[in-house]
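Student: I've got a structure open and I'd like to learn how to read it. Can you walk me through it, feature by feature?

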Amino acid sequence: MRFDRDVPVVVIGSGQAGLAVSYYLRRFELAAGQDFVVLDRGPGAGGAWQHRWPSLRLGSAHRVHDLPGMAELDLSFDTAARDVPARDIVADYYRRYEEHFQLHVERPVTVRSVVNSGADLVVHTDRGSIGTRFVVNATGTWGAPFIPHYPGVMDFAGRHLHTADYVSAEDFRDKNVIVVGGGTSAIGFMLELEGVASGLTWVARRPIDWLDSEQLDVEGAAEAVAAQDRAARAGQALPSIVSGTGVPKTRRIAAGIHRGLLVAKPMFSVLEPGGARWADGSVVPADAIIWATGFRPELRHLAPLKLREAAGGVTVGSGASWTDPRIFLAGYGPQASTIGASRAGRTIARQIMALL
């Protein structure tokens, strides 16, 4: 098979997971652009953060972990400004990180598919094809939003949008809004829309597990990571992180609970043209439904390799595919960025170096 160039390692994605792996490849003295290439479809640095809404601040979402080696630049998300859009801070820090470690990220490049070529692989992109021995997939989840199906969803006459589509609370001024979801994004939308939307209803598929602390419970977080790891090793669909960790009651959240804003109703049973209906017959009018229902791993470009198991997931252990040893999945399952994808960078880079 003919291709435009040949590089031993291709890293797809330059969010936290992709940058962490790339950092360690550089530490092992591989040259970016020669021994490995980093491809990213975004217009600039910042991974999925560059697409998040302007009002989102650091500290109001899951913690953003520092990248390995970031201290060299005298940067840390723990001390970053809390009055600046999170997307601007992350984009700035990641850009400086890429430049400092000479990662030479190529963007915007869209990877369309990864296919077999004998013992090696070919990465097909909108800029040509690359022959390679190993692929590190670090595409995260932002490009694969999940919206569950409910009866009447196609009948609803209002606006459907997912977390990935949210821009500003002003888009919903004087509107009746239903927010669906039990995680930090749903809670953030409720707090932003209060006093803006004329009607605001929060619904969740399961009761909210509130934590009586302002920080994530370490034991609960560890179990959530372990659950992700068990599912990944079994090739199962990955469970929700928030279902295993609970939601800490920050002062802002506790105040919202106290004034009756953050009290979730159970899920509606059916959607109608003008709103939602519950099993008891009650109806809530709605002009818009915000689905803060999470994301799934973005793996469609790997479909030709047939990695997905019948159980719904990809069999992965320590960042490596157990089905195809040429494929590594950074930030997948227990390595998800919200729970410290940078920790996996060294593990994956070491495995690649052992195989080169």
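This is a predicted model: local features need pLDDT of at least 70, side-chain atom pairs count only at pLDDT 80 or more; totals for chains, interfaces and linings use all residues.

Student: How many of the twelve residues in H1 are buried?

Tutor: Ten of them, so H1 is mostly covered; a residue counts as buried when its relative accessible area is under 20%.

Student: What does H1 reach from its first C-alpha to its last?

Tutor: 17 Å, which is close to the 16 Å expected at 1.5 Å a residue. Just past the helix, glutamate 29 has a positive phi of about 70°.

Student: E9, E10 and E17 belong to a sheet, I guess. How do I read a sheet?

Tutor: Strands of a sheet pair through backbone hydrogen bonds, either parallel or antiparallel. Here, five strands form an open sheet in the order E8-E17-E9-E10-E13, with parallel pairing.

Student: Which strands stand at the edges?

Tutor: E8 (159-162) and E13 (265-266). Each has a single partner strand, so one side of each is left without a neighbour in the sheet. For a look at one pairing, take E9 and E17: four bridges join these parallel strands, and valine 179 stands opposite isoleucine 290 in E17.

Student: Can we do a single residue too? Is serine 113 buried or exposed?

Tutor: Buried, because its relative accessibility is 16%. Serine 113 is in strand E4 (residues 111-117). Leaving out residues up to four places away in sequence, serine 113 touches Val122, Val123, His124, His301 and Pro304.

Student: Now zoom out. What does the secondary structure of the chain come to?

Tutor: Seven helices and 20 strands. Of the 356 residues in the chain, 49% are buried. Among contacts with a separation of 6 or more, 69% link residues 24 or more positions apart. As for the surface, the chain exposes about 16400 Å², and carbon and sulfur atoms supply 49% of that.

Conventions. Residues are numbered from 1 along each chain as its sequence is written. Side-chain values use heavy atoms; hydrogens and water are left out. Helices (H or I, at least four residues) and strands (E, at least two) are DSSP runs, numbered from the N terminus. The expected span of a helix is 1.5 Å times one less than its number of residues. Buried means under 20% relative accessible area, exposed over 50%, partly exposed in between (1.4 Å probe, protein chains only). Contact means heavy atoms within 4.5 Å. Two strands pair if DSSP finds at least two bridges between them. Accessible areas come from the Shrake-Rupley method with a 1.4 Å probe; for residues, only the protein chains shown count as cover.
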